[in-house]
Amino acid sequence: MSKNDHMHSEPQTVGALRTTVGAAATIQGVYGTRGNLELLACDERDGLWVFWFNSDAPGSAPSGGVLPGRWSEGLAFARGMRFVQAQILQSALGPEHLEVLALDARGTLQSWYWAPEAGFRRRATDVGQGVRRFAAEHDDGVLRVVVDADSIS
């Protein structure tokens, strides 16, 4: 079976009514029976957007209100701030938690997490100040973050 045979939806533009900046980040999460695709983007002016693709088999029940083979309309969060870079990772917490690291325009690297009962919440402690850019990876329950910064506080 070819890769195209696995795709069971029509082409769709994700976030068509939103203007974003920077590269979008993706991860395969654990939601649904096959694991949703999660897409994170910085809104051009205000906050962050997360979109998810329900990759469950055709005929399955909707996941998070999204039919199998379709993208969500998106969820806005972290309003009131402008971000220049963000990354989403599947967390070892949960099991259904997602981690988001987001660099705001002032150089603060923020840490957010998703829990099904609470939605996205910002952690009380930021990762650092004076950050210019960052990269993160999650491997075997360990989150590693590398930053290019003036200083870390």
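Two strands pair if DSSP finds at least two bridges between them. With that settled, I looked up leucine 39, and its bridge partner in S3 is phenylalanine 51.

Housekeeping: this is a predicted model, where local features need pLDDT of at least 70, side-chain atom pairs count only at pLDDT 80 or more, and totals for chains, interfaces and linings use all residues. Residues are numbered from 1 along each chain as its sequence is written, and side-chain values use heavy atoms, with hydrogens and water left out.

**Entry 1: the S1 to S4 sheet**

I traced the sheet around that pair. It is open and has four strands in the order S1-S2-S3-S4, with antiparallel pairing. Strand S1 (20–28) and strand S4 (75–77) are at the edges with a single partner strand each, so one side of each has no neighbour in the sheet. From one strand to the next the twist averages 20 degrees; I note that axes here are lines fitted to C-alpha atoms, for helices over the stretch in contact, and that angles run from 0 to 180 degrees between N-to-C directions. Between S2 and S3 I found six bridges, in the antiparallel sense.

**Entry 2: the S5 to S8 sheet**

Next I followed another open sheet, of four strands in the order S5-S6-S7-S8, again with antiparallel pairing. Which strands stand at its edges? They are S5 (83–90) and S8, each with a single partner strand, so one side of each is left without a neighbour in the sheet. Neighbouring strands are turned by 25 degrees against each other on average, direction ignored.

I then went through the pairs. S5 and S6 run antiparallel and are joined by seven bridges, and glutamine 85 stands opposite leucine 103 in S6. Six bridges join S6 (residues 98–104) to S7, also antiparallel; there leucine 101 has serine 111 as its bridge partner. These two strands form a hairpin with four residues between them, and glycine 107 in the turn has a positive phi of about 95 degrees. S7 connects to S8 by a hairpin through three residues, and four bridges join the two. Tryptophan 114 stands opposite phenylalanine 120 in S8.

**Entry 3: how enclosed are S6 and S7?**

I checked burial, where buried means under 20% relative accessible area, exposed over 50%, and partly exposed in between (1.4 Å probe, protein chains only). Seven of the seven residues of S6 are buried, so the strand is largely enclosed by the rest of the structure. In S7 (residues 109–115) the count is six of the seven, so this strand is largely enclosed too. I also sorted S6 by direction: Leu98, Val100, Ala102 and Asp104 point one way, Glu99, Leu101 and Leu103 the other. In a regular strand the side chains alternate between the two faces of the sheet.

**Entry 4: the cores**

The largest one has 20 residues, and Leu40, Leu48, Phe77 and Val100 touch the most other members. S2 (37–43), S3 (48–53), S5, S6 and S7 each supply at least two residues of this core. Another core lies apart from it, with seven residues, including Leu89 and Phe134.

I followed up valine 100, which stands opposite tryptophan 112 in S7. Beyond its neighbours within four places in sequence, valine 100 has contacts (heavy atoms within 4.5 Å) that include Leu40, Leu48, Phe77 and Phe120.

**Entry 5: glycine 119**

Last, I looked up glycine 119, placed in strand S8. Is glycine 119 buried or exposed? At 11% relative accessibility, glycine 119 counts as buried. Leaving aside neighbours within four places in sequence, glycine 119 is in contact with Tyr113 and Trp114.

Conventions: Core = buried A, V, L, I, M, F, W, Y, C linked by side-chain atoms within 4.5 Å.
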